[in-house]
Amino acid sequence: MNIDNIEAFVYVNHYGSFNKAAEALYLSQPSVTSRIQTLERELDAKLFERQAKGVQLTETGKTFLPYAQQILQTYRKGKLHLQKKPSVPQELRIGSTVSVSTYIIPELLPFLKSRFPELTFKLTTATTDELGMRLLDQEIDLAFVRKLAHPSLRSYPLYDDPIRLYVYEGHPFAARGRIALSELTGEKLVFFECGSLDWLRLHRVFESLEHPPDIVCQADQSETAKKLVLGRAGIAFLPGVCIREEAAQGRLVPVEIAETAGISLQTSLSVRSGEHAELAEAIRSFHAFSMIE
């Protein structure tokens with residue numbers, strides 16, 4: 001009996017849906033269906049009944065469920081025991097999104113080196129989804145990502161990074177500190193898009209304007225957008241982590257807008273369940289996270 005088929009059975013029951021189980025397992029829906037069908041043939045019994053709002057266990061499925069859960073739990077415990085590594089590895093493979101790689105990692109690594117002198121690092125930059133897959137495939141040890149929800153991973157929230165409007169020094173908004181949303185009409189805007197759901201909130205705010213801003217450039221890198229603002233090509237909504245130095249120097253000035261208050265990007269640390277607890281706690285104590293505002 002294939003452990004993957006038992007895992008699929010447990011996940012489908014947990015999520016009540018083949019599609020949701022497939023997403024959690026990073027598989028296609030047909031692959032999960034095939035695994036359940038194979039398991040049913042091996043057991044010579046039907047395990048699920050399809051219903052309008054999902055699937056439900058048959059009586060046979062209910063009988064088999066506690067045994068499947070115990071099999072899966074025992075397998076995972078055994079695998080974890082065999083693969084158990086020292087609490088701190090010699091080489092730490094870190095995955096991170098672009099913003100963390102650019103603005104946080106250069107400060108974080110010296111901090112970790114001071115705490116764990118023998119540690120060396122291997123860095124990978126990718127999207128949250130890709131880093132989640134690499135983490136599950138054990139290609140990296142930990143990941144700094146937007147948000148990951150998976151039963152085999154543990155996530156530690158690190159910081160919320162507010163998204164605010166920033167203007168260059170000398171812009172008419174700079175001396176005011178707060179404007180009405182309608183005043184963005186006709187302004188040249190550099191739009192940074194990172195794919196987070198919170199950026200969709202910003203799009204919806206713009207949709208409420210009768211005359212939206214003039215978007216002169218759409219950038220997929222915050223550093224590019226920031227430099228365009230510094231070059232007075234326009235103004236931009238940016239996460240605070242990328243403008244700390246320029247804001248401290250007065251070269252970029254935050255401007256508050258009531259309708260965009262509370263929009264932020266959350267960054268979390270994700271590790272495989274049961275691994276790297278000591279490193280995770282050390283990273284969470286890193287002082288720079290509390291300075292991001």
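## Salt bridges

A salt bridge is counted here where a side-chain nitrogen of Lys or Arg lies within 4 Å of a carboxyl oxygen of Asp or Glu. The structure is a predicted model, and by this rule it holds 14 salt bridges.

One of them joins R134 to E130, with 2.7 Å between the closest N and O atoms. Both residues belong to helix α7, which covers residues 128-136. R134 and E130 are four residues apart, about one turn of that helix. Another salt bridge is formed by the side chains of R244 and E107, at 2.9 Å from N to O.

## Domain layout

The protein chain is split into domain 1 (3-82), domain 2 (91-159 + 266-291) and domain 3 (160-265). Between the C-alpha centres of domain 2 and domain 3 the distance is 28 Å.

For residues 1-58, UniProt carries the feature "domain: HTH lysR-type", taken from an unreviewed entry. In the model this span is 62% helix and 14% strand.

## Contact between domain 2 and domain 3

Where domain 2 meets domain 3, nine residues of domain 2 are in contact with eleven residues of domain 3. The two domains bury about 920 Å² between them. Carbon and sulfur atoms account for 51% of that area.

One salt bridge is counted between domain 2 and domain 3. Four residue pairs are in polar contact between these domains, both residues of each pair being at pLDDT 80 or more. On the side of domain 2 that touches domain 3, α5 (98-103) and β11 (264-272) each supply at least two residues. By class, that side of domain 2 is made up of five nonpolar, two polar and two charged residues.

Terms used. Residues numbered from 1 in each chain as written. Predicted model: local features only at pLDDT ≥ 70, side-chain atom pairs only at ≥ 80, totals over all residues. Heavy atoms only, no water. Domains from an automatic or database assignment. Contact = heavy atoms within 4.5 Å. Buried area = accessible area lost by both parts, 1.4 Å probe. Polar contact = N/O pair within 3.5 Å; in protein donor to acceptor, adjacent residues only side chain to side chain. Nonpolar A, V, L, I, M, F, W, Y, C, P; charged D, E, K, R; others polar. UniProt positions renumbered as here; feature names shortened; annotations may be inferred.
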